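Keep the picture open while you read.

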Amino acid sequence: MKQQYSPSPIDTSDIQFPEHLQSLVEQLAKNVHEVWAQGRISEGWTFGPVRNDALKQHPCLIPYEELPESEKNYDRETAMTTIKLLIKLGYELRKK
């Protein structure tokens, strides 16, 4: 019998998100969606009005700009969490 999985991400709650990186969040979020969509499409998924695993259809196989805010927020959260982790690990992010 498998043991229960207990996720333990690195705690980044002490990291104040730098305001100057806010525009980066949207770029990363869009790219996260693009990479996800490309992966699904390469696996044979297509757009469908509702998710259907048997038919490999998903309603989010649309451009990022057309996603509902709830889906965009999911991608934004992934981006923000990644940036905060990089800062927590001692990396500095600056635009050239």
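## Buried or exposed?

Before we start, one cut-off: a residue is called buried when its relative accessible area is under 20%, exposed when it is over 50%, and partly exposed in between. Keep in mind that this is a predicted model.

Now try that on Lys72. Its relative accessibility is 11%, so Lys72 counts as buried. Glu69 comes out at 44%, so Glu69 is partly exposed.

Glu69 and Lys72 are three residues apart in helix 2, which means about one helical turn separates them.

Glu69 also forms a salt bridge with Arg76, and here the closest N and O atoms are 2.9 Å apart. Through shared partners, salt bridges link Glu26, Glu69, Lys72 and Arg76 into one network.

## A closer look at Arg76

Where is Arg76 found? Look in helix 2, which covers residues 69–88. Is Arg76 buried or exposed? Its relative accessibility is 17%, so Arg76 counts as buried.

Leaving out residues up to four places away in sequence, Arg76 touches Val25, Glu26, Ala29, Tyr64 and Glu69.

## Another pair: Arg51 and Asp53

Arg51 has a salt bridge with Asp53, and their closest N and O atoms are 2.7 Å apart. How accessible are these two? At 53% relative accessibility, Arg51 counts as exposed, while Asp53, at 47%, counts as partly exposed.

## His33 in helix 1

Last stop: His33, which you'll find in helix 1, residues 22–42. With a relative accessibility of 3%, His33 counts as buried.

What does His33 touch? Not counting residues up to four places away in sequence, its contacts are Cys60, Ile62, Pro63, Tyr64, Leu67 and Asp75. Spot Tyr64 in that list: Tyr64 is also touched by Arg76.

How values were computed
Residues are numbered from 1 along each chain as its sequence is written. This is a predicted model: local features need pLDDT of at least 70, side-chain atom pairs count only at pLDDT 80 or more; totals for chains, interfaces and linings use all residues. Side-chain values use heavy atoms; hydrogens and water are left out. Helices (H or I, at least four residues) and strands (E, at least two) are DSSP runs, numbered from the N terminus. Buried means under 20% relative accessible area, exposed over 50%, partly exposed in between (1.4 Å probe, protein chains only). Contact means heavy atoms within 4.5 Å. A salt bridge is a side-chain nitrogen of Lys or Arg within 4 Å of a carboxyl oxygen of Asp or Glu.
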